[in-house]
Every structure is written in structure tokens, then in C-alpha cells.
Amino acid sequence: MSNSDLRLISIVRLLCKQAQLLYEELAVALSDQQAKNVLRKLARHRVETLQAISTDAAPELNIGNGNTVVPQEILTANEVAKSKIRESGAEEAINYLVEGNKREVSFLRQEVRNINNYALRRRLSSFVAVLQMDFDQLQMLARNRHHQ
């Protein structure tokens, strides 16, 4: 496996872990049961992806191995969402999660095209497709909450 493939695996692992924790924390902060269920499902998808990548591709890598370069706008959106959740601004946090996830999907879609290992490219393409569907659900959740 090439260094760029390993780098992307590391990035996906980091993003999965961050998103999982954010979704779980936001699910606890919200009172709407339907929103909680959606967020828990999104968190579960991230855990499943993290586990699949960890067992299949480069299990020796750890999440914070130092060569993980994630675009700053994704990290910033995740950090702002985390602080909004903790400031009891769960509604605002959803908007930042939507923004971060939109950038994440776009970034990963572009990165997956550069993967040398065909099997890994197919596997991560599948993950990006699931991530896109999860993003659509998160976006719908945000829209529905604005109309309530």
C-alpha cells in the first residue's frame, strides 16, 4: 500500500472518530427523539466504517499517527460544532455539522480518486456514498428543525 493510500486511511479514521463523537454528543443534547435516532444512526455508520477500515486496511496505523492532514475548514467546523453543543446551542451545532460534512464529502470524494490500490479505492468509494446519504439525512434534519 502506498504512503498516499495510508495517509487517506488515516484521514478517514480521524474523520470517522470525530464525527462519531460529535453525533453522539449532539444526540444527548437534543430533546427530539427522532433527531436523536438519526444522529445515533449516523454515529453507528461511522463506527462501522472505522472498524472495517481498521481491520481490512493497515490495522497497524493508529488514528493519530502524525501524517494525517485534514483540511482546516473541516476541523474548524467540527470544533465549532463541538463548542456549540457544549454551550447549549444544539440547533446551531447542527448547522456547523452540515457545513463540515459537506466539505468532508467533497474532500473525500476527491481524495478517493487518487488512491492507487483498486480494492481500497472501491471500498472507500462505497464509504463516501454512505457518507453522502448520511449527509443528506443530516441536512434534512437541519431543515426540519428550522421549520419547527
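**Confidence and helix packing**

Modeller: pLDDT (the predictor's confidence in each residue, from 0 to 100) stays under 50 over residues 63-67. The model has nine contacts there beyond four places in sequence, contact meaning heavy atoms within 4.5 Å. Where pLDDT is low, the predicted coordinates should not be read in detail. This is a predicted model, so local features need pLDDT of at least 70, side-chain atom pairs count only at 80 or more, and totals for chains, interfaces and linings use all residues. Residues are numbered from 1 along each chain as its sequence is written, and side-chain values use heavy atoms, without hydrogens and water.

Colleague: Which element has the highest mean pLDDT?

Modeller: Helices are DSSP runs (H or I, at least four residues), numbered from the N terminus. Helix 3 (residues 72-86) has the lowest mean, 86. The highest, 90, belongs to helix 5 (residues 118-146).

Colleague: Is helix 3 roughly parallel or antiparallel to helix 4?

Modeller: The two helices pack at about 160 degrees, with axes 8 Å apart. Axes are lines fitted to C-alpha atoms over the stretch in contact, and angles run from 0 to 180 degrees between N-to-C directions. Angles over 145 degrees count as roughly antiparallel, under 35 as roughly parallel, 65 to 115 as roughly perpendicular and the rest as oblique. Therefore helix 3 is roughly antiparallel to helix 4.

Colleague: Is E104 buried or exposed?

Modeller: E104 lies in helix 4 (residues 90-112). Beyond its neighbours within four places in sequence, E104 contacts L15, R46, I74 and L131. Buried means under 20% relative accessible area, exposed over 50%, partly exposed in between (1.4 Å probe, protein chains only). At 1%, E104 is buried.
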